[in-house]
Amino acid sequence: MSLTDLTLARWRSFDLAAARRFAEEAARLVDGRVTLVETTEHLGAPLHRVRIERQGQDFALIPGGRVSLGFDPDGWHPMPWQAADHAESLEQGFADGPDLRAHLARVLSPRRSAVLPTVLMAVEDEDLTEPPADMPAVLAARGLRMPSSDEWEHACGAGAETLFRWGDDCPRDRLPHEDGPGPQNEPSAFGLRIAYDTYRSELTSDTTAVHGGDGGESVCGGYGRLLAWLPLATAHRNPSTAELVYGDGLWEDASTRPVLPL
């Protein structure tokens with residue numbers, strides 16, 4: 001089986017030795033070197049993490065195939081504190097819709113499936129050096145491209161159907177940008193540093209979406225605890241931030257997460 005046939009389900013069926021063989025093949029294709037092959041637990045089963053270094057930049061192997069994406073608010077049961085916190089935000093004029101599910105339906109992508117290629121994706125996002133319209137050419141000069149929104153969501157959640165990549169809950173005693181331990185500071189299932197700071201806002205090839213943060217809007221605006229964390233939700237598209245970035249040209253603090261095709 002070649003890397004182009006590698007799916008997440010097949011990847012999870014491999015032992016560590018088989019995962020290392022695929023990692024070495026991926027590194028050979030991009031003239032890189034394998035720096036990490038390890039096994040962690042994700043969704044109650046083993047999941048391998050691979051890191052490949054190429055030209056001084058670290059990439060994680062992201063298996064593709066048919067994957068599940070998005071979030072279903074109607075099938076989700078908010079915790080009592082989340083519903084109460086949203087109700088308070090609504091009273092302050094910081095939320096959309098009559099309840100939390102309606103708000104989530106507006107800002108999160110819907111449940112769906114997609115077929116994605118297996119790729120290498122940068123472990124760290126990087127700041128834009130040119131306007132968004134010019135970044136594809138900038139990245140292409142390095143043999144890279146911007147991810148699609150579907151690729152970003154898959155790389156972040158790795159098949160998890162929870163609100164956040166780490167689960168449905170979020171800390172109530174701190175904001176997501178504050179120092180200290182927190183689930184946002186842990187590597188993702190694939191080993192990425194992703195959805196970790198709401199002051200970040202990652203761009204993809206989809207000009208209607210911004211991922212992994214909202215540039216700090218929800219934190220600075222005093223939106224409430226849940227809404228302050230919500231921009232880190234895997235399926236969050238941050239539509240108002242996308243309008244600022246693409247409509248008003250406020251992209252200087254935005255970033256992207258380069259993809260290295262296999």
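**Figure 1. Phe-14 and Phe-22, both buried, in the predicted model.** The two rings form a stacked aromatic pair, with a centre-to-centre separation of 5.0 Å and an angle of 15° between the planes. Ring pairs also bring in Trp-11, so that Trp-11, Phe-14 and Phe-22 are linked into a cluster. Over the whole structure, the search returns five aromatic pairs.

**Figure 2. The edge-to-face pair of Phe-71 and Trp-76.** The ring centres of Phe-71 and Trp-76 are 5.8 Å apart. Their planes meet at 65°, and the pair is therefore classed as edge-to-face, since angles over 60 degrees fall into that class. Phe-71 and Trp-76 are both buried.

**Figure 3. Arg-193 and the ring of Tyr-196.** The charged end of Arg-193 is placed over the aromatic ring of Tyr-196. The distance from this charged end to the ring centre is 3.9 Å.

**Figure 4. The cysteines Cys-156 and Cys-170.** For the sulfur of Cys-156, the closest cysteine sulfur belongs to Cys-170 and lies 14 Å away, which is too far for a bond. A disulfide would require the two sulfur atoms to be within 2.5 Å. Cys-156 has a relative accessibility of 1% and therefore counts as buried. Cys-170, at 4% relative accessibility, likewise counts as buried. The search of the whole structure finds zero disulfides.

Notes: Residues are numbered from 1 along each chain as its sequence is written. This is a predicted model: local features need pLDDT of at least 70, side-chain atom pairs count only at pLDDT 80 or more; totals for chains, interfaces and linings use all residues. Side-chain values use heavy atoms; hydrogens and water are left out. Rings of Phe, Tyr and Trp (its six-membered ring) pair if their centres lie within 6.5 Å; planes under 30 degrees apart count as stacked, over 60 as edge-to-face and the rest as tilted. Buried means under 20% relative accessible area, exposed over 50%, partly exposed in between (1.4 Å probe, protein chains only). A charge sits over a ring if NZ of Lys or CZ of Arg is within 6 Å of the ring centre and within 35 degrees of the ring normal.
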